[in-house]
Structure formats: C-alpha cells, structure tokens
Amino acid sequence: MVMCSRLRSSLPQLLPLRLLGTAASRTAAAKQPDPLSATLAFEDPSAFRVKSLGELLRALGIFRLCSFPVLVNNCGKLMSVARTLLGRRGFSLLLRPTVYAQFVAGESESEISQSMEKMSSLGLRPMLAVPIEEDLGESTGEKRYDDNMEAMLECVRMSHSNAWSRDPMMQLKITALLSPELCVKITTLIAEQPYDLNLLVRAMDGEPINFPGLDESEVAHFLCGLQRLNKIAEASVNKVRVLVDAEYTYMNPALTLVTMAMMKKFNKDGAWIWNTYQCYLKESRSLLLEALRLSKVEGFCLGVKLVRGAYMDKERKLADTAGCLDPIHQCWEDTNVSYNRSLDVMLDNISQKPERYRIIVASHNEESVRRAAKRIEELGIDKDGGSVCFGQLLGMCDHVSLTLAKEGYAVYKSVPYGSVDDTLPYLVRRAQENRTVLQGIRKERDLLRKEFYRRLGLRRGS
C-alpha cells in the first residue's frame, strides 16, 4: 500500500478542459486542404544536405544498429563487455567517432562551442544537458551533490556567455542535487499532508525550516538540496531558462513540489524555471491543469516541457510488483490523445497571455508537431515569439528539426556533453528509454539514404 501511495500523485484534477470547437466544425475543417500540413510533410531529404558525407554514413550506420531490439535492449551490457576487452583507451577510441559523436556535443568547451556554432548556423538552438542523475540506491553524499551543483552552474555560464542562441535553455534533474530516497519519502508525506510552498521558499533563502515527517538528518539534507537549487536558479534567472526533468512516479510529486517553489520565487516576471509533464501517465492532464491553477493563485509564470515519457517499462513493472493500477495509458493512441489535449490546453492559455505561459513541444512525433504548428497558426501565436518552441534530441529526428527551423519556428536540440565515461551511463539510459523511437526511425534512415544516393549520383555525373 505504501508503494501504491507513491505511485499516485497528490495533485488532483481541479480545472475543466475547454473544448476546442464543435465536432462539425472540425469535420468541415478537415475537408479543406491544409497548406501547413503540406509544408511540414517532413518528406524532403534535402534537409540533410547540410550534413557532411561522413555524418551521413555515421548516422546511417548507427540508426541501422538501433533498428535491432536485441542491441538496444542490451546496449549497457554490450558496452561493458567492449570496455573490458578493449580497455578504457581503446573503448574511447571506438565510441568517440561513432555513438558519442552522434549524440554528444563534446567534452571541452571548445569542442562544445564548435558543435553549437554549427547547430546555430542551421537555425537550431542548443539546450545543454548535464548528464547527471540518480535513482534509488545510487545516492553519493553531500560532496558529490555539491560537485554536481558546480557542474550545473558551469552549464549556466556556458549557456549564457556564448552566443549560441538568443534565448538559451538548459536541462536539470533534481536527483543530481537531492537524494532519490528523500524525494520518495517526501512524495509519501505530501500525499497525506501537502507542504506549503512558502516553507520551501523560506528554506531556499537559508531559513532553518523544520519539515513535518522528516528526521534531523533528512531535514539537513533537504535544506542543503534546496539551497543548491536556489544557487542555480539565482545564477540563471534573466539569463538561461532551466527546464526541470520529470523522472519516476514514485518521486515526481516531490520533484514537482520543489519545482513549483522555485517557480513561485523566480518566475514572477517571466518563465525562467519550467516543469516537465509526461503525457503517457493517465494523470498527466490533471497535473498540468493543477499547475495552471497554482500559477494563477500564486501569481507566477508557468513554463511547460511537454513530453510523452520515457520510463514506461519500469513504471509498469513497479505497479505490477506493488499490486497497483498501471499509471501508464494502455495504448499508444491514448498517449497521443493525452499529449494533444495537454498541448491544446497550453496553446489556448498562451494565445490569451503569451507573457505568462510558455511551452516546449518536446516530441519526435510528426503528427503532434504538425498539430502544434497548425494550432499556432490558427490561434495567431507568433511562431518565433518565445512562447512556443519545439525540441528534439541531438542526433535524432533531424528531418523534423531542420524542416521546422527552415519554416521559422524556434527549435531546440537537447545536447548532453562531457567525457565518454561521464556520458556513457546517460546514453545507455536514454537509449533504453527511447528504444521505441530508436527502432522506429526507419523514415529518417530512408531520407538519409536518399540523400546519400543523391550525392553518389552527383559524383558519378561529375
């Protein structure tokens, strides 16, 4: 029963979803030709003409390997064996020009700058991601969390000081600064008696707050974690937008609580701290509506990163083991409906108050991207005004990213950086979480192949 309570959110559904027109009007509209759909067909291999021949071959090879489920599902074990056989240096030499170069920006600031400048020249914006996170049983102590904070402050500095984009963003995982075990305990506690946001804000300011239900050492660690987050937010406000990632349902309510407290303190005049909403969860719409309600009551601006979600298999196993209801939608179609509904809610609010609400449509799904672009046009939202932007992972879905950028939309690529050793656990987790996407990139592979054959034909002709 304890695990069941962890898997349930403490944030109820409090607002109705406004219907967006009648079924008849939607049917009538569907009969009309949609010029935007034709523009955003994502069928043109010329989007890849900006890539070198080496980049084309690398992407084709990696995407081909990713099409085999056995390789993606066991990539962690395979890389561990390869590292043992080849040694650290040999393993690095193998990975750097292949998987690492496809999905990571680099290690040194000069390498990162080179990657980012190329991205900027293509009309894309970087969203740096420090590849640090923890799960239960991986807590490493205050010194490690302080080191993680310094790494994130450096990420803020790099994002702001380099002219890579005019509205820089970065990603942050709270479990890099606060132990997952404490997040789980707080999730359980606030399900019974919610913490007041003002308590957390006062704790961020250094006031010695005593949080109900936590023992002395837990309170001390929570205060340290909140003050670490406060330092990062103070460094980033009015400079870099910080997008806080969602993680597992057994800790998400605690992560949301902390993020909302940061919003209350730092989002008075603009959306500098954002929260993530995972639309594969059945409760995602109610969580988003509650966030909208809270932002109005507390008077802060709301930034939303809208994703489908990446922890489906683990969430279902946890629910089955605990004897709880599956928190994930039963099918892909239900998740799509959930995503599109949440997208419509946010775009409606943005069309009314673009200065108070922002969203990044973080999706590789072409239908959702087209739907967002269509609604942006219908609602008269400025496509490059800052209130709405799109996001995809570095090294993937470039045919969507480049097409959107060509049409004048703000497009960010999530960009991890660091050494091979630092980024390897991050890459393995992302590969396993996104294996459905990785195994479904046949279209991108086909477009890459067409561009490759086109170049071969040109060379033969010349």
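This is a predicted model: local features need pLDDT of at least 70, side-chain atom pairs count only at pLDDT 80 or more; totals for chains, interfaces and linings use all residues.
Leaving aside neighbours up to four places away in sequence, Gln171 is in contact with Met127, Leu128, Ala129, Val130, Leu243, Asp245, Lys305 and Ser414. Gln171 sits in strand β2, made of residues 169-172. Its side chain makes a polar contact with the side chain of Ser414, at 2.4 Å. Is Gln171 buried or exposed? Gln171 counts as buried because its relative accessibility is 7%, and the cut-off for buried is under 20%.

Now step back for the overall picture. The protein chain has 462 residues, and 53% of them count as buried. It holds 20 helices and eight strands. If you take the contacts with a separation of 6 or more, 80% of them are between residues 24 or more positions apart.

Leu177 comes in the loop between β2 and α9, the helix of residues 180-192. With a relative accessibility of 0%, Leu177 counts as buried. What does Leu177 touch, not counting residues up to four places away in sequence? The list is Tyr145, Asn148, Met149, Met152, Leu172, His221, Gly225, Arg228, Leu229 and Ile232. One of these, Asn148, is 29 residues from Leu177 along the chain, and the C-alpha atoms of the two are separated by 6.7 Å.

Lys413 belongs to strand β8, residues 411-416. Lys413 is a charged residue by type, and it counts as buried because its relative accessibility is 2%, under the 20% limit. What lies 2.7 Å from a polar atom of the Lys413 side chain? The backbone oxygen of Met396 does.

Helix α4 runs over residues 53-66, which makes 14 residues. From its first C-alpha to its last, α4 reaches 20 Å, close to the 20 Å expected at 1.5 Å a residue. Which residues of α4 are buried? They are Glu55, Leu56, Ala59, Leu60, Ile62, Phe63 and Cys66.

Helix α17, residues 398-406, is mostly covered, with eight of its nine residues buried. Those eight are Asp398, His399, Val400, Ser401, Leu402, Thr403, Leu404 and Ala405. After α17 comes Gly408, which has a positive phi near 95 degrees.

Helix α18 takes in residues 420-433, and Arg429 is part of it. Arg429 counts as partly exposed, since its relative accessibility is 24% and that class covers values from the 20% limit for buried to the 50% limit for exposed. Arg429 and Tyr311 are 118 residues apart along the chain, yet 9.7 Å separates their C-alpha atoms.

### Two loop residues with positive phi

Two residues other than glycine also have a positive phi: Phe42 and Asn238. Phe42 is in the loop between α3 (35-39) and α4, while Asn238 is in the loop between α11 (216-236) and β3 (241-244).

### Empty space inside

Rolling a probe the size of a water molecule over the atoms shows where empty space is left. How many cavities of 30 Å³ or more does the count come to? It comes to three. The second largest cavity holds about 50 Å³ of space. Its lining is made up of Pro126, Leu128, Ser159, Asn162, Trp164, Ser165, Pro168 and Met169. By type, that lining divides into five nonpolar residues, three polar ones and no charged ones.

This cavity brings us back to where we began: Leu128, one of the lining residues, is also among the contacts of Gln171.

Methods:
Residues are numbered from 1 along each chain as its sequence is written. Side-chain values use heavy atoms; hydrogens and water are left out. On a 1 Å grid over the protein atoms alone, a cavity is a set of points where a 1.4 Å probe fits but cannot get out, and a pocket is an open set with protein on both sides within 12 Å along at least five of seven lines; lining residues have an atom within 4 Å of a point. Grid points are joined across faces, edges and corners, and a volume is the space filled by probe spheres set on the points. Helices (H or I, at least four residues) and strands (E, at least two) are DSSP runs, numbered from the N terminus. Buried means under 20% relative accessible area, exposed over 50%, partly exposed in between (1.4 Å probe, protein chains only). A polar contact is a pair of N or O atoms within 3.5 Å; within protein, one must be able to donate a hydrogen and the other to accept it, and residues adjacent in sequence count only if both atoms are side-chain atoms. Contact means heavy atoms within 4.5 Å. The expected span of a helix is 1.5 Å times one less than its number of residues.
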